[in-house]
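Me: Please take a close look at one part of this structure, the surroundings of the ligand. Then carry on into the rest of the fold.

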Amino acid sequence: MDSSQPPAASADWWRQAVVYQVYPRSFADSDGDGVGDLRGITSRIGYLAALGIDAVWLSPFYPSALADGGYDVDDYRDVDPRLGTLADFDELTAGLHEYGIKVIVDIVPNHTSDRHAWFREALAAPKGSRARDRYIFRDGRGPGGAEPPADWPSAFGGPAWSRVPDGQWYLHLFTAQQPDLNWANGEVRDDFLATLRFWSDRGVDGFRVDVAHGLTKNLAEPLEPLPAKLNPGDWPPPTGTHPLWDRDEVHDIYAQWRQVFDEYDPPRVGVAEAWVHPSRRPRYASPSGLGQAFNFDLLEANWRAGEFLQVIIDNLADAQRYGASTTWVLSNHDVVRHASRYALPAADGSGSRVNAKAWLLSNGTSPEPDRGLGLRRARAATLLMLALPGSAYLYQGEELGLHEVADLPADRLQDPAYLRSDGADKGRDGCRVPLPWTGGGPAFGFGTGPAHLPQPDWFGPLSVETQERDPASTLALYRHALSWRRRLQGAETLEWMPGTNGQVLHFRRPGGWRSVTNFGSSAVPLPDGTVVLASGPVEDGLLPADTTAWIIPPSPGAATREDF
Ligand code: GLC
């Protein structure tokens, strides 16, 4: 089989797809204004095809004031003029489709931006009006209604309520520029169905659903106090009754969306971003709902064999029970890049998202990261992830082994998580720095002018151009891995092999493809078979610490091995 050709289209294409997340404003800038754009992405389609991905997920490219990196949407059915036009979008989609690459767009249904026509109308309309009912407006408490209607916090710090000139308050679980929609309102529901059809009609293959667990709230008066404040990284309790998060009735919405998805051939797909208790995730991923949900468990896990093992066992069991395929994620635009998370000393979590956030507050200096170790583990983790059944989501730049840019100057930070927390949270800009395409030159080839977030000097040696010349680069590892994965991928099953223990994870996929990872601190003997790919040098029949190898049954002369 020619591994450079993507598999033929089928309704199940997503089940084991490798999906590459593009954060459009930081991918490639075609017009030199420092902000990435759709034409920039189109100009790099060859790169995406050579990487060997199955689909691209585009983070929001809609008109936006960028109060939250584009997750504050002014108009769901248009393109931000700084990023291009609908015609540019069509060209990008057609270009990706030509290479057999699917297109997933980000839908942000929990909130609009405060510049959305509906919110402007709501502000101009009186209390109790139809326009206000699309959002969540309430009178305040206390004398003169001067206190917010409930003690609900915004995810980015501060209260989740802001006051408007006539004295009412509106709910925003994120920034004040992201008013929450009222999903009990029929017009809101219908409008999103129209948006799903709008993009599906333009050829979009699927939707990533932002904050999918937040849409329905308990808005009965008096507003319910929160049972307990959730810390970053906490899930709401798995009861389906929290006033704000993961309420049972949210699934009625996705059942309706499913009907729209199924109007198309092949049916459109959905993937929920739902930070919920793992036992609740399958409901979002069910075939009568969105079909898939992000599994962030690997992203939360520390670099320990036992933690990875449990996560894999649990998620495969869940996926099988509910008929979905599972998803795997190590990095995205909201978390510290995994090469940096794994660079932290074990005592600091060595992988944990929450501890990495604390590290960011020191501008990445305390504790001192071991970047070499972090990258070694990141490559090993990626190879392990790519050997698992289910789909894998990659985040732009991880194929270059990029670390977090942890020392961005405070006056350049854009993330509301930083701006709204008075600096108590450094925010997510460090993983959103524009990509380095060339070893030097303006913005390292990202564009012709300075990038909207400053790129560090160490981006040069990690650029695409530099790595394309190095057969042992992380980019080469990703390309080989995706090509082998396509060749070896079979049914969605996995069998644990002898030798799996507190230090080593060793499993087999149908057809005899095996993956073995050494999480320990000393080398272990390699199992029998032909090593076709390894995340680091493999010598003398030994698998070094922090390394993954892919092995196929011995068949002399059939395979060549690639070591990195
Ligand atoms: C999701 C997005 C994040 C955004 C938030 C609010 O978590 O991934 O980037 O800030 O939703 O829309």
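The reply starts at the ligand and then moves to cavities, strands and backbone.

Reply: This is a predicted model; local features need pLDDT of at least 70, side-chain atom pairs count only at pLDDT 80 or more, and totals for chains, interfaces and linings use all residues. Residues are numbered from 1 along each chain as its sequence is written, and side-chain values use heavy atoms, with hydrogens and water left out.

Start with the shell. Around the ligand there are 14 residues, each with a heavy atom within 4 Å of it. D68, D210, E273, H333 and D334 come nearest. By class, the shell holds seven charged, three polar and four nonpolar residues. Here Asp, Glu, Lys and Arg count as charged; Ala, Val, Leu, Ile, Met, Phe, Trp, Tyr, Cys and Pro as nonpolar; the others, Gly among them, as polar.

Next, the polar contacts (pairs of N or O atoms within 3.5 Å). D334 has a polar side-chain atom 2.5 Å from an oxygen atom of the ligand. For D210, an N or O atom of the side chain is 2.8 Å from a ligand oxygen atom. H333 places a polar side-chain atom 2.9 Å from an oxygen atom of the ligand. On its own, the ligand has 310 Å² of accessible area, and the protein covers 95% of that. The area comes from the Shrake-Rupley method with a 1.4 Å probe.

Now the cavities. A cavity is a set of points, on a 1 Å grid over the protein atoms alone, where a 1.4 Å probe fits but cannot get out. Six cavities of 30 Å³ or more are counted. The largest cavity has about 110 Å³ of space, taken as the space filled by probe spheres set on the points. Its lining has 13 residues, each with an atom within 4 Å of a point. R281, A285, D318, A319 and T326 lie nearest its centre. Two or more lining residues come from each of α8 (281–285) and α10 (305–322). With four residues, α10 gives the most. This lining divides into six nonpolar, five polar and two charged residues.

Helices (H or I, at least four residues) and strands (E, at least two) are DSSP runs, numbered from the N terminus. Pairing needs at least two DSSP bridges between strands. β4 and β6 (residues 169–171) run antiparallel and are joined by two bridges. Within this pair, F137 stands opposite Y170 in β6.

Last, the backbone. Most peptide bonds are trans, and most residues other than glycine have a negative phi. The bond from D265 to P266 is cis, with omega near -5 degrees. P266 sits in the loop between α7 (250–261) and β8 (269–272). S366 and P367 are also joined by a cis peptide bond, with omega about -5 degrees. P367 is in the loop between α12 (353–361) and α13 (371–387). A443 is not a glycine, yet its phi is positive, about 50 degrees. A443 belongs to the loop between α14 (416–419) and α15 (464–468).

Conventions
A polar contact is a pair of N or O atoms within 3.5 Å; within protein, one must be able to donate a hydrogen and the other to accept it, and residues adjacent in sequence count only if both atoms are side-chain atoms. On a 1 Å grid over the protein atoms alone, a cavity is a set of points where a 1.4 Å probe fits but cannot get out, and a pocket is an open set with protein on both sides within 12 Å along at least five of seven lines; lining residues have an atom within 4 Å of a point.
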